[in-house]
Amino acid sequence: ICSKQHPRRKAMSFAEVTVGLGQAVVQNEEAMNTFAMMTREEKQAIWAQARQARSKADMDRIVNSIGK
């Protein structure tokens, strides 16, 4: 069995995105503070990006962009 993720993996559910994004954001204090201050629309844009994440590296890039 190959341990690589399938390139056509379906998008994550909202619950998976919320948990995954939450875990990543709490590890970056600046991103966490910025995310907390975002409007609902801004958060929805981040969630939409996070749904497309295919790896931890993808999620890290999204979170790092919040913290800038």
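A helix here is a DSSP run of H or I at least four residues long, and helices are numbered from the N terminus. I start there since helix numbers come up throughout this talk. The model on the screen is a predicted one.

First, the overall layout. The protein has four helices and zero strands. Along the sequence, that reads as α-α-α-α. There are 68 residues, and 26% of them count as buried. Now take the contacts with a separation of 6 or more: 68% of them are between residues 24 or more positions apart.

Let me begin with helix α4, residues 56-66. Which of its residues are buried? They are M59, I62, V63 and I66. When you look down the axis of α4, these buried residues fall within an arc of 95°, so they line one face of the helix.

Next, the salt bridges. Side chains of opposite charge can pair when their charged atoms come close. With a nitrogen-to-oxygen limit of 4 Å, the count comes to two salt bridges.

One of these joins K56 and D60, with 2.9 Å between the closest N and O atoms. Both residues belong to helix α4, and they are four residues apart, about one turn of the helix. Is K56 buried or exposed? K56 counts as exposed, because its relative accessibility is 58% and the exposed class begins over 50%. D60, at 27%, counts as partly exposed.

The other bridge joins R61 and D58, and here the closest N and O atoms are 2.3 Å apart. Why are R61 and D58 separated by about one helical turn? The reason is that they are three residues apart in helix α4. R61 counts as exposed at 51% relative accessibility, while D58 is partly exposed at 22%.

Now to the inside. In soluble globular proteins, nonpolar side chains tend to be buried together. In this model the largest nonpolar core has 14 residues, and those touching the most other members are L21, V25, F35, I46, M59, V63 and I66. Which elements give two or more residues to this core? They are α1, α2, α3 and α4. The most comes from α4, which gives four residues.

Leaving out residues up to four places away in sequence, V63 touches L21, A24, V25, N28 and A31.

A24 is on that list, and you will find A24 in helix α1, residues 14-25. A24 counts as buried because its relative accessibility is 14%, and buried means under 20%. Seen from the side of A24, and again leaving aside neighbours within four places in sequence, the contacts are M59 and V63. There is also a C-alpha distance to note: A24 and D60 are 36 residues apart along the chain, yet their C-alpha atoms are separated by 6.8 Å.

On to the aromatic rings. A pair of rings is described by the distance of the centres and the angle of the planes. The count comes to one aromatic pair. F35 and W47 form it, and the arrangement is edge-to-face: 6.2 Å from centre to centre, with 65° between the planes. The pair links distant parts of the chain, with F35 in helix α2, residues 29-37, and W47 in helix α3, residues 40-51, 12 residues apart.

What else is placed at the ring of F35? The charged end of K43 sits over that ring, 5.4 Å from its centre. F35 itself is buried, with a relative accessible area of 14%.

Last, the segment after α4, where G67 is found. Is G67 buried or exposed? With a relative accessible area of 8%, G67 is buried. Not counting residues up to four places away in sequence, G67 touches E30 and A31. From G67 to T34 the C-alpha distance is 6.4 Å, although the two are 33 residues apart in sequence.

To sum up: four helices and zero strands, a largest nonpolar core of 14 residues to which α4 gives the most, two salt bridges and one aromatic pair. That is the end of my part.

How values were computed: Residues are numbered from 1 along each chain as its sequence is written. This is a predicted model: local features need pLDDT of at least 70, side-chain atom pairs count only at pLDDT 80 or more; totals for chains, interfaces and linings use all residues. Side-chain values use heavy atoms; hydrogens and water are left out. Rings of Phe, Tyr and Trp (its six-membered ring) pair if their centres lie within 6.5 Å; planes under 30 degrees apart count as stacked, over 60 as edge-to-face and the rest as tilted. Buried means under 20% relative accessible area, exposed over 50%, partly exposed in between (1.4 Å probe, protein chains only). A charge sits over a ring if NZ of Lys or CZ of Arg is within 6 Å of the ring centre and within 35 degrees of the ring normal. The arc is that of the directions from the helix axis to the C-beta atoms. Contact means heavy atoms within 4.5 Å. A nonpolar core is a set of buried Ala, Val, Leu, Ile, Met, Phe, Trp, Tyr and Cys residues joined through side-chain atoms within 4.5 Å. A salt bridge is a side-chain nitrogen of Lys or Arg within 4 Å of a carboxyl oxygen of Asp or Glu.
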